[in-house]
Amino acid sequence: MIQWLDANTITVINGLAYGLLLYTLAVGLSLVFGMLNLLNLAHGTLFLGGAYAAAVLVAPDGAWLSWVMALTLALGLGALAGAGLTVVTRPLARRGHMAEALLTLGLSLAGGNLLLWAFGADVRSVPAPAGLDDSVSILGDPYPVYRLVLIGFGLLVAVLAEVLLERTMMGATVRAIVADAEMVRALGIDTRKIVFGVLAVGSALAVVAGVVGGPMLGAGPGLDGQVLLIALVVVVIGGLGSARGALIGGLVIGQVQTLGTALAPQIAPFLIFGAMALVLVARPQGLLGRAGAVA
């Protein structure tokens, strides 16, 4: 076991960085799905928009000012996109998942084609921030400093989500809406404002994930569909409406994806779905989801 870990330490750390990036993307998707039963298929396009924003705004030398500009723009545009999604999906709330899924799928396709028209078909790279573009030695192997920072960023998002959802009145209300929105409305609480806020924050996190994930994944056509599919797997494994579940799901899929690619590349694309199938057989509501959460 020790020998195996020594040989695959870099791959495991890569899986940790990738898994926490997936968590940053998926946590908002999970909460929105749990609160609204809204399957937002435009979530991956928001991620890709953030990646392109980083590719355009971040200076070739990774100047910090350009990174601050990219992240600030990502937060603003993500929040606006979430607000827009709240408005356009509200009239479909009583028509079920299919209408909402088709609407957000249409928005995703339109957004993807708009990005393709604006930035072309070439894959664009994103430089790491100045000073974080070097490598450190881990067990004698070089490892990018930025990916270690990405791990720290993902952990920071996880801690903030835990504090906000578990230690504040707003978080208690969000959890109550996930558990029983009708009861919360019966108590006289205006759930629309909270839903609006969660969708705005979740969308902003998706765009920010695209920005910070740019140096790792780049920006190019098709990335939106790839990350959306994997984020949905993360949400299903973790359980709808559970931020902690999204964290566990992201870490699991991060390791499955990176170790699978390194050790069994022929079957790697199928391993994440195999992991999802195993979880659903043992626990259909996901690792930390509520029984009966899926309507």
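Helices, here and throughout, are DSSP runs of H or I with at least four residues, numbered from the N terminus, and L278 has its place in one of them, helix α11. The model is a predicted one, in which local features need pLDDT of at least 70 and side-chain atom pairs count only at pLDDT 80 or more, whereas totals for chains, interfaces and linings use all residues. Residues are numbered from 1 along each chain as its sequence is written, and side-chain values use heavy atoms, with hydrogens and water left out.

**View 1. L278 in helix α11.** With a relative accessible area of 64%, L278 is exposed, where exposed means over 50%, buried means under 20% and partly exposed lies in between, for a 1.4 Å probe and protein chains only. L278 and L22 are 256 residues apart along the chain, and their C-alpha atoms are separated by 20 Å.

**View 2. Helix α2, residues 43-57.** From its first C-alpha to its last, this helix of 15 residues reaches 21 Å, close to the 21 Å expected at 1.5 Å a residue, the expected span being 1.5 Å times one less than the number of residues. Because 12 of its 15 residues are buried, α2 is largely enclosed by the rest of the structure. Among these buried residues are H43, F47, Y52 and A55.

**View 3. The largest nonpolar core, with L25 and F47 among its members.** A nonpolar core is a set of buried Ala, Val, Leu, Ile, Met, Phe, Trp, Tyr and Cys residues joined through side-chain atoms within 4.5 Å. Of the 53 residues in the largest such core, L25, F47, Y146 and I253 touch the most other members. Two or more residues come from each of α1, α2, α3, α5, α7, α9 (223-238) and α11 (268-282), and the largest share, 10 residues, comes from α1. Leaving aside neighbours within four places in sequence, L25 is in contact (heavy atoms within 4.5 Å) with H43, F47, A206, A209, V227 and A231. A second, separate core of 19 residues includes V27, L31, L199 and A246.

**View 4. N14 in helix α1.** N14 counts as buried, at 18% relative accessibility. Beyond its neighbours within four places in sequence, N14 is in contact with Y143, R147, M216 and T258.

**View 5. The second largest pocket and its lining.** A pocket is an open set of points on a 1 Å grid over the protein atoms alone, where a 1.4 Å probe fits and protein lies on both sides within 12 Å along at least five of seven lines; lining residues have an atom within 4 Å of a point. The volume of this pocket is about 500 Å³, taken as the space filled by probe spheres set on the points, which are joined across faces, edges and corners. Of the 21 lining residues, A161, L164, L165, V201 and L205 lie nearest the centre of the pocket, and α1 (2-36), α5 (145-167), α6 (169-186) and α7 (191-212) each supply at least two residues of the lining. The lining divides into 15 nonpolar, 5 polar and 1 charged residues, with Ala, Val, Leu, Ile, Met, Phe, Trp, Tyr, Cys and Pro counted as nonpolar, Asp, Glu, Lys and Arg as charged, and the others, Gly among them, as polar.

**View 6. G106 in helix α4, residues 97-119.** G106 is partly exposed, with a relative accessible area of 35%. Although G106 and L41 are 65 residues apart in sequence, they are 8.6 Å apart in space, C-alpha to C-alpha.
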